[in-house]
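I opened my notebook to look up a few places in one protein chain. My plan was to take the entries one topic at a time.

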Amino acid sequence: MMNRTRSNRSSLVEKVKAGKWFATFRGQAVLLLTLLVWNTPASAQELPISADLQESREQVKSLEAQLNNTGALLDRAVDPNVYVIGPGDRLLVSFYEMSLPPLTLEVLPEGVVSIAGVGEVKLGPITLAKAKEKILAALRPRYRDQSASVTLAAVRNFKVAVTGAVGMPGAVVVSAADRVSEAVTRAGGLLAKGSRRSIKLISDSDTVVADLAYFEATGQSHMNPYLHEGYEIYVPAISDSFATIESFGAVTMPGKFEYREGDRVSTLLDLSFGPSLDADLGQAELIRFADDDSTTMAMNVNLRDVLADRSSSANIALKPDDRLFVRAIANFRPKEQVQIVGEVKYPGTYPIKPGCETLAELIEYAGGLLETASLDEAEMYRSSRFAENNENSFEQLLQLSTEKLTDFEVQYLKELSAQKPGRVAVDFNLLLVGKYSQVDVPLL
């Protein structure tokens, strides 16, 4: 018997050396080497453990495949201190000793996991962190000398009811990794009058309000919370005529927003993506309707104080139809520049600055005139709102036939055709050839 065992071992060694088995069973190379070491009568009892290891690996692969098919896509790593365990969640218990296969546990509908040789462990609606502690504590008497870890392998799916101002009210399938916005989307999305800021998550114990507009503007995830079993989502309808707040002026995205109870000036600033860089933070006004619903009153708001401390008295509580006006600082960071094209050495756009503030200085700054420059045909134009308005009017008149133009419009069209709006009268020969600086033209 011993000779036969040695013969079999020699045959195995020869095949391993030849690379035949390694090529065929590459994924089992470690298992094969273990057999070569332990294939003796004294260690024959270890063989079933190796088979268990192979079976457990297949279970893990199956579990991973199920996870990939759940459709639950995480938007961030699961926080064990926040994630609440529920029926359908799958957990993986891994032992650091290679001789013990991992355990796969599923939370049953009664909120328990069943562990062979240990019994049931009641998890209930507790966080993943506490669930890990309870499972490890239950395992400790049986696996006293083993170190283990518990991880979340797959998140659960369940149904929630979505009602109110949505396209398709009813029950939708979600996962514990889904947020309110995803449930609303699966229910057909919000109707035109559907609230974005006062969506109610109703459970037996309390009611939570989701604010999708504020979540999108600020990224504060608690305004778009994760879903749990037992929630019902209700989307109220709103009036977009009166239940609004508005921002104007020097904010990043001025606009009209749905009013929600508890809004303050800081809320409106957040929904508007904050004040713009040129905002005069000390000169904002909040306009509010008086009790007669006809007259208005103005309140000065120091936005600098609001941004520094949101608990300050400057952060006024808002009412429906409040409007915030933020002034812009006059001439804030003016971008003065000039463009020169044609027969100069370095044509292009230049800043208007000391040393480049007049026409003569600009031409010198651009490298001077080329020999091919024709001063008789040189022209200078100023871009201005007046010139642009004239040019727009001129283009509009050109689109009409002469029969549709009044006598005044025909005369105006003739005058515009004879001149170019924005043109500046400059004697280039007298300035550049005669060096007569008195006719130099300032660029501003």
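I began with strand 6 (residues 157–164) and strand 10 (residues 232–235), which run parallel and are joined by 4 bridges. I kept in mind that this is a predicted model. Within this pair, I found Val 162 opposite Ile 233 in strand 10.

In what order do its strands lie? I read the order as 7-6-10-8-9, so written for an open sheet of 5 strands with mixed pairing. Strand 7 (170–175) and strand 9 (207–210) are the edge strands, and each of them pairs on one side only. From one strand to the next, I noted an average twist of 30 degrees.

Then I turned to Arg 197. I located Arg 197 in the loop between helix 6 (180–186) and strand 8 (199–202). Is Arg 197 buried or exposed? Its relative accessibility is 2%, and buried means under 20%, so I wrote down Arg 197 as buried. I also looked for a partner. The side chain of Arg 197 makes a polar contact with the side chain of Asp 263, at 2.7 Å.

My last entry is about Ile 329. I found Ile 329 in the loop between strand 15 (323–328) and strand 16 (337–340).

Notes:
Residues are numbered from 1 along each chain as its sequence is written. This is a predicted model: local features need pLDDT of at least 70, side-chain atom pairs count only at pLDDT 80 or more; totals for chains, interfaces and linings use all residues. Side-chain values use heavy atoms; hydrogens and water are left out. Helices (H or I, at least four residues) and strands (E, at least two) are DSSP runs, numbered from the N terminus. Two strands pair if DSSP finds at least two bridges between them. Axes are lines fitted to C-alpha atoms, for helices over the stretch in contact, and angles run from 0 to 180 degrees between N-to-C directions. Buried means under 20% relative accessible area, exposed over 50%, partly exposed in between (1.4 Å probe, protein chains only). A polar contact is a pair of N or O atoms within 3.5 Å; within protein, one must be able to donate a hydrogen and the other to accept it, and residues adjacent in sequence count only if both atoms are side-chain atoms.
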